[in-house]
Amino acid sequence: MIYVFDACALITAHRIDLPFTRFQPFWDWMSEQTEKGAISFPSVVLKECSGTDKLACWLHEHAEPYETSDNKAFPYLRRVLQAYGGNIEAKDLGKNENDAIIIAHAMAIREDGKKATIVTYERRNNAIKPGNMSIPNVCEKFGIPWFSLPAFLWTHLHSTFKKD
């Protein structure tokens, strides 16, 4: 299983739930999982988290840019953007483009015969207007599993501390 992270999950973890100053073991564990290939950060996540704060520095130190995977994701991008509501107007494209790339990245991983789950802080919504759908809504259209960051952590805590 490869977990594809959305920038909002990382930003919220860093700023609110799991800041580096108080939860360094979490970020060490994330580094280990990234090195094992269990966690993936599409290049759009690296761009969204650019800057000089602790998260940006950590990401650029521990996350390899997945240019090859991004290239593999490109063929899925049009289909994902269409799932956001058909003919998205140019003004809505920018708002959904990074999210669509993350979903296309997960689709490319699945095409390689691996399982992919997206980790996001977005919630499923009842959007009707094109361009207002969330990552979970679009994931469900393609059968891609998704977790909130807390659900991801509980899943891993359960499997880490599961008694045989």
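1. Basis of the note. The structure is a predicted model, in which local features need pLDDT of at least 70 and side-chain atom pairs count only at pLDDT 80 or more, whereas totals for chains, interfaces and linings use all residues. Residues are numbered from 1 along each chain as its sequence is written, and side-chain values use heavy atoms, with hydrogens and water left out.

2. Overall composition. The chain holds eight helices and four strands. Helices (H or I, at least four residues) and strands (E, at least two) are DSSP runs, numbered from the N terminus. Read from the N terminus, the order of elements is β-α-α-β-α-α-α-α-β-α-β-α.

3. Of the 164 residues in the chain, 47% are buried. Buried means under 20% relative accessible area, exposed means over 50%, and partly exposed lies in between (1.4 Å probe, protein chains only). The accessible surface of the chain is about 9,300 Å², and carbon and sulfur atoms contribute 53% of it; such areas come from the Shrake-Rupley method with a 1.4 Å probe, and for residues only the protein chains shown count as cover. Among contacts with a separation of 6 or more, 69% join residues 24 or more positions apart. Contact means heavy atoms within 4.5 Å.

4. The sheet. In which order do the four strands of the open sheet stand? The order is β2-β1-β3-β4, with parallel pairing. At the edges are β2 (39-40) and β4 (146-148), each of which pairs on one side only. Two strands pair if DSSP finds at least two bridges between them. Strands of a sheet pair through backbone hydrogen bonds, either parallel or antiparallel.

5. Strand β1. Four bridges connect β1 (residues 2-5) with β3 (residues 116-120), and two bridges connect β1 with β2. Y3 has a bridge partner in each neighbour: T117 in β3 and I39 in β2. I2, for its part, stands opposite A116 in β3. In a regular strand the side chains alternate between the two faces of the sheet. In β1, I2 and V4 point one way, Y3 and F5 point the other way, and all are buried.

6. Helices α1 and α4. Two packed helices are described by the angle between their axes and the distance between the axes. The axes of α1 (residues 7-17) and α4 (residues 54-62) come within 10 Å and cross at roughly 130°. Axes are lines fitted to C-alpha atoms, for helices over the stretch in contact, and angles run from 0 to 180 degrees between N-to-C directions. The two helices, α1 and α4, are therefore oblique to each other: angles under 35 degrees count as roughly parallel, over 145 as roughly antiparallel, 65 to 115 as roughly perpendicular, and the rest as oblique. L10, I11 and H14 of α1 meet K54, L55 and L59 of α4.

7. Helix α7 and P136. Helix α7 (residues 135-142) lies across β3 and β4 and runs at about 165° to β3. P136 belongs to this helix, α7. Is P136 buried or exposed? P136 counts as buried because its relative accessibility is 0%. Not counting residues up to four places away in sequence, P136 touches T120, E122, R123, R124 and W146.

8. Helix α6 and D99. D99 is located in α6 (residues 90-111) and is buried, with a relative accessible area of 10%. Leaving aside neighbours within four places in sequence, D99 contacts D6, Y84, E122 and I135.
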